[in-house]
Amino acid sequence: MLEIRNLHARIVDDGTEIIRGLNLTVKAGEVAAIMGPNGSGKSTLSYILAGREDYEVTEGDILYNGQSILEMDPAERATSGIFLAFQYPMEIPGVATMEFLKVAMNEQRKARGEEPLKIPEFLKRVKEAAASLSMDMAMLKRPLNVGFSGGEKKRAEILQMKLLEPKLCVLDETDSGLDIDALKIVSDGVNALRAPDRSFLVITHYQRLLEHIVPDTVHVLYKGQVIKSGDKSLALDLEANGYAGVIGEAA
Amino acid sequence: MNMHLQPQRTSAETALIDAFGERLSLLPGDGAVMLKRDDAIETIKHGLPTRRVESWHYTDLRRLLNAVPDFDSAAMAKAIAPIVDGSTVVSILNGKSDAKVPVLEGVTFQRLSEKLTDGSIAPGLDSYGSDDAIGALNTAFVADGYFVDIADGAELEKPIELQNLQAGGQTHVRLAVRVGAGAKAVIVERQTGDGPALVSSVSQLVLGEGAEVTWLIVQEQPETATHLAQFKAHLGKNSKLTVFFMNAGGKLVRQEIVVRTTGEGADFKLRGINLLAGDTHTDVTMVLDHAVPHTTSTEVIRNVVTGKARGVFQGRINVHQYAQKTNAKMACNTLLLSDDGEFSTKPELEIFADDVVCGHGATVTEIDHDHLFYLMARGVDEKTARGLLVKAFVAEVIEELDDESIVEALEARLDDWFVTHG
């Protein structure tokens, strides 16, 4: 599904190299957790996968289903099935949430050669998805993310993920800012989407999220490289002993 | 022999002066009205305002008005569907009112040509200052329009739409509306057409005590027309006026908004959007006088500039010496989408009272790249995403209007503009 080969990337503005030779493979159906201390490049990796222009890939490649995505713009990546659940979803005043959802869903359908959704079918899908995430439809009458609490924004991200049915889901610290109840709702939402043809890249600081979304593999990111990979026991080990040991081993 | 130093007249000035001579015998008016017309054409003879006149600094009318079409008596304009279903529509077709005026409970419609002929409108034809070129042009040539009287206490369920539709040539019209005490109304002023016309249009509104009016100016002239418009209002005690304007067309446009609070407790809101494209020039100039104590106002203007379009917003708030406890806030935000477009904004606060709250702010921005990335990351292609964000920028002002039928109607006009200019 996803293969990252010797990836090097830097910030366009000041040339700072953030990703320094990163290798990672995620198979179809796999849930891969990316952990690492602050500043290790976790969020940067998620932005690079989504195609944010602030970063420039200087070396290496990202293959998605065997094809390089480096030349694709964010919209092309999204319609090919890559989805980024933002750590800090943006508030966009004036853009009606429902209209945005409709446009986004129909863009996905257009890419797959399907007809635009009829309004009743669209409403039905949104209502079902919202109910499964315990979201009030009244919230969706507001402009996109405007006035949403941190937890509501994260739920709205998962709602979009459900509706857009991506194949590669990148979750950037989806657990940050969530209380225990919201964490459970969001995790259940993610788990319901697990499928043999869908992969997840779950970026997190804490083991806590991984108790709910149990990963198949765990990768430790440090200074822009994967320095250790393992199964879910690696996450437990990190929780108990911190990153120092793993970093020391790698050095 | 004396040496006379005559300034060289522009072809537009000459055309206007000649046209006045030719039209004079056709213009309605009693002695008082004709005297006002004579005064007005004298103003034009002194020359159209240039950038040396402060209020015209960003819109040098003398230089920009370079063609004045002839009057075209054969031009035919057709009434159009109102923006809000069920509105009472009165149309001025190529400068002429309809002999058949609608019947609406609590409202009297009268053709303005009648009020010119009997002279009862004469006091309203005075200009508001020496730089009032639009007022002068209109007073010299105005031949028709409507007078609308909304009775005390009348609450209109549906809007009245006043349509000024041109099909080329010159049209000079006036709309005079009196809203009685405690009356409520929504009035739509629709300015459009399909010819390379010169249009002058003056609207006058008087609000009685406690009256509440929403006045929408929807200007969608073709990119060949010159549109010179003025909206003047007096706000009585505890009255509320919301003026919303949308400029979405015209080659050379100046919309003046001249408002005066004359009764305590009056509240004025100005909301407006300028959608500017092509090689056009659009100027919105507001002069607001807080003339009595305890009155409030807010002004929010949003501009979208594309192509080689140039835009201007001048907002002048005068707080008179006795107008204590005035509260006034003004904001002008511009989204600049092209390198060749420009927007000039000039806020002016002149405050003679010492216990007031007044503020203003202006911003010029491009599309927010974070927002663009977010929308694209959901699969929305760049062009559509930009369109959504630009529309969002101006739609915010529309949504504030809070009346669903009006919001929908204006958003439809907005969509229309984006279809042709997106």
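B:Asn238 counts as buried because 20 C-beta neighbours lie inside 10 Å (a residue is buried if 20 or more other C-beta atoms, placed from the backbone, lie within 10 Å of its own, exposed if 12 or fewer, and partly exposed in between). The model is predicted, so local features need pLDDT of at least 70 and side-chain atom pairs count only at pLDDT 80 or more, whereas totals for chains, interfaces and linings use all residues. Residues are numbered from 1 along each chain as its sequence is written, and chains are lettered from A, and ligands numbered from 1, in the order in which they are written.

**Stop 1: two asparagines**

Select B:Asn238, which lies in the loop between strand S9 (226-235) and strand S10 (240-247) of chain B. Strands (E, at least two residues) and helices (H or I, at least four) are DSSP runs, numbered from the N terminus. The phi of B:Asn238 is positive, near 55 degrees, in a residue other than glycine.

Next, select A:Asn65, in the loop between strand S4 (55-64) and strand S5 (67-68) of chain A. A:Asn65 is not a glycine, yet has a positive phi of about 50 degrees. Is A:Asn65 buried or partly exposed? With 13 C-beta neighbours inside 10 Å, A:Asn65 counts as partly exposed.

**Stop 2: the sheet of chain B**

Display the open sheet of nine strands in chain B, ordered S2-S3-S5-S7-S9-S11-S13-S15-S17 with mixed pairing; two strands pair if DSSP finds at least two bridges between them. At the edges are strand S2 (107-111) and strand S17 (342-351) of chain B, each of which pairs on one side only. From one strand to the next, the twist averages 10 degrees.

Now select S7(B), in which nine of 10 residues are buried. On one pairing, S5(B) runs parallel to S7(B) and is joined to it by 10 bridges; here B:Ala176 stands opposite B:Gln204 in S7(B). S7(B) also pairs with S9(B) in the parallel sense, over 10 bridges, and B:Ser201 stands opposite B:Ala229 in S9(B).

Move to strand S13 (residues 281-290) and strand S15 (residues 310-319) of chain B, which run parallel and are joined by 10 bridges. B:Met286 stands opposite B:Gly315 in S15(B).

Contact requires C-beta atoms, placed from the backbone, within 7 Å.

**Stop 3: the side of chain B that touches chain A**

How many residues of chain B are in contact with chain A? The number is 17, and they meet 19 residues of chain A. Helix H6 (369-376) and helix H7 (382-399) of chain B are the elements that give two or more residues to this side, and H7(B) gives the most, with seven.

Finally, select H6(B) and H7(B) together. Their axes come within 9 Å and cross at roughly 125 degrees. In H6(B), B:His371, B:Leu372, B:Leu375 and B:Met376 meet residues of H7(B), among them B:Glu382, B:Ala385 and B:Arg386.

How values were computed: Contact = placed C-beta atoms within 7 Å. Axes fitted to C-alpha atoms, helices over the stretch in contact; angles between N-to-C directions.
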